[in-house]
Amino acid sequence: MFKTPSACIEADPDKVAKVVLMPGDPLRAQFVAETFLEDAVLFNDVRNMYGYTGTYKGRRVSVMGSGMGVPSATLYAHELYNFFGVEAIIRVGSSGALLDDMECKDIVIAMGACTNSNFAHHYAFPGTLCPTADFDMLYDAVKICKERGTKIKVGNVFTTDMFYNAQPDIPTKARDLGMVSVEMETAGLYLEALAQHKRALSILSISDHFFKPEALTAQEIRESFDEMMEIALDTAWIYSEQA
């Protein structure tokens, strides 16, 4: 059995690509690998957190689940960045819309992430760290969307630690402060990339709306975000290695 410094990823580092797409749901990782990648091979199944590497338009790309929330996502991001030679991670996830002109399956590209997580505190920075995307990846993703004619929102998202929040006015406050959607991982990923001197980007697809009676089912969330996946893969291709 191949030995690694990780307790959560058991893989040969050579089997992991330099760029990793990271959905929260490991079954979505499996779906992406089977649907969009050629010759996809499973490189990790510890805790059923599936990771696959294949090729996309002739270049190596990996996809691996992260689980839900900042603690889980940053655990896997930290290990991929530090133990497996990964240079860039693109989160591909679902998000709840805040703005009136947004609908299910709309695309959000997170420029930055406000958060109620305390994750940044462990870096002991004497101030407030700002979780932001890698500019080059952000620029490339937006350019790809414009070339496709894809409707997108680029702005701050709200990364929350609580799926069920005891303060029901939080979405209203977030909207009033200009945030476009709510999710649970982006701020942690951006801070981890900042600390490790790596790249990160979060591309999200709207699965529900906080102020409208709109929502996708769990299966629809897993299998219907094709446009988001194609945008993420085309962005990943720019930073990936030749197969």
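**Exercise 1. Describe how helix H2 and helix H5 pack in this predicted model.**

Step 1. The axes of helix H2, residues 70-83, and helix H5, residues 186-196, come within 9 Å and cross at roughly 30°.

Step 2. Angles under 35 degrees count as roughly parallel. H2 and H5 are therefore roughly parallel to each other.

Step 3. The handedness is read next: the crossing in which H2 passes H5 is right-handed.

Step 4. On the H2 side, the contact is formed by Val70, Thr74, Ala77, His78, Tyr81 and Asn82. On the H5 side, Gly188, Leu189, Glu192, Ala193 and Gln196 take part.

Step 5. Sorted by class, the residues of this contact between H2 and H5 comprise 5 nonpolar, 5 polar and 1 charged.

**Exercise 2. Determine how H3 and H7 are oriented, and state which residues join them.**

Step 1. Helix H3 spans residues 135-148 and helix H7 spans residues 226-239. Their axes come within 9 Å and cross at roughly 130°.

Step 2. Angles over 145 degrees count as roughly antiparallel, and 65 to 115 as roughly perpendicular, with oblique for the rest once the roughly parallel range under 35 is also set aside. H3 and H7 are therefore oblique to each other.

Step 3. H3 passes H7 in a crossing that is right-handed.

Step 4. H3 contributes Asp136, Met137, Asp140, Ala141, Ile144, Cys145 and Arg148 to the contact. H7 contributes Glu227, Glu230, Ile231, Asp234, Thr235, Ile238 and Tyr239.

Step 5. The contact of H3 with H7 has 7 nonpolar, 1 polar and 6 charged residues.

**Exercise 3. Carry out the analysis for H1 and H7.**

Step 1. The axes of helix H1, residues 26-36, and H7 come within 12 Å, and the crossing angle is roughly 70°.

Step 2. The range from 65 to 115 degrees counts as roughly perpendicular. H1 and H7 are therefore roughly perpendicular to each other.

Step 3. The residues in contact are Arg28, Phe31, Val32 and Phe36 of H1, together with Asp226, Met229, Glu230 and Leu233 of H7.

Step 4. By class, the contact of H1 with H7 holds 5 nonpolar, no polar and 3 charged residues.

**Exercise 4. Characterise the largest pocket and the second largest pocket.**

Step 1. The space in the largest pocket amounts to about 660 Å³.

Step 2. Its lining consists of 31 residues, and those nearest the centre of the pocket are Met68, Ser94, Phe163, Met184 and Asp208.

Step 3. The elements that each supply at least two lining residues are strand S5 (88-97), helix H4 (170-176), strand S8 (181-183), strand S9 (199-209) and helix H6 (218-223). S5 gives the most, with 5 residues.

Step 4. The lining of the largest pocket divides into 14 nonpolar, 10 polar and 7 charged residues.

Step 5. The volume of the second largest pocket is about 200 Å³. It is lined by 13 residues, of which Ser117, Ala120, His121, Thr128 and Leu129 are closest to its centre.

Step 6. In the lining of the second largest pocket there are 7 nonpolar, 6 polar and no charged residues.

**Exercise 5. Find how many cavities of 30 Å³ or more are present, and identify the lining of the largest cavity.**

Step 1. The count is 1 cavity of 30 Å³ or more.

Step 2. The largest cavity holds about 30 Å³ of space.

Step 3. The residues lining the largest cavity are Met22, Ser66, Ala73, Arg91, Glu185 and Leu189. Leu189 also belongs to the H5 side of the contact in Exercise 1.

**Exercise 6. Locate Lys198 and list its contacts beyond four places in sequence.**

Step 1. Lys198 is found in the loop between H5 and S9.

Step 2. Lys198 and Val86 are 112 residues apart along the chain, and their C-alpha atoms are separated by 8.3 Å.

Step 3. With residues up to four places away in sequence not counted, Lys198 touches Tyr81, Val86, Glu87 and Ala193.

Step 4. Tyr81 of H2 and Ala193 of H5 also take part in the contact between those helices.

Methods: Residues numbered from 1 in each chain as written. Predicted model: local features only at pLDDT ≥ 70, side-chain atom pairs only at ≥ 80, totals over all residues. Heavy atoms only, no water. Axes fitted to C-alpha atoms, helices over the stretch in contact; angles between N-to-C directions. Left-handed = near helix turned anticlockwise from the far one by under 90°. Contact = heavy atoms within 4.5 Å. Nonpolar A, V, L, I, M, F, W, Y, C, P; charged D, E, K, R; others polar. 1 Å grid on protein atoms, 1.4 Å probe; cavity = no way out; pocket = protein on both sides within 12 Å on 5 of 7 lines; lining within 4 Å. Points joined across faces, edges and corners; volume = space filled by probe spheres on them.
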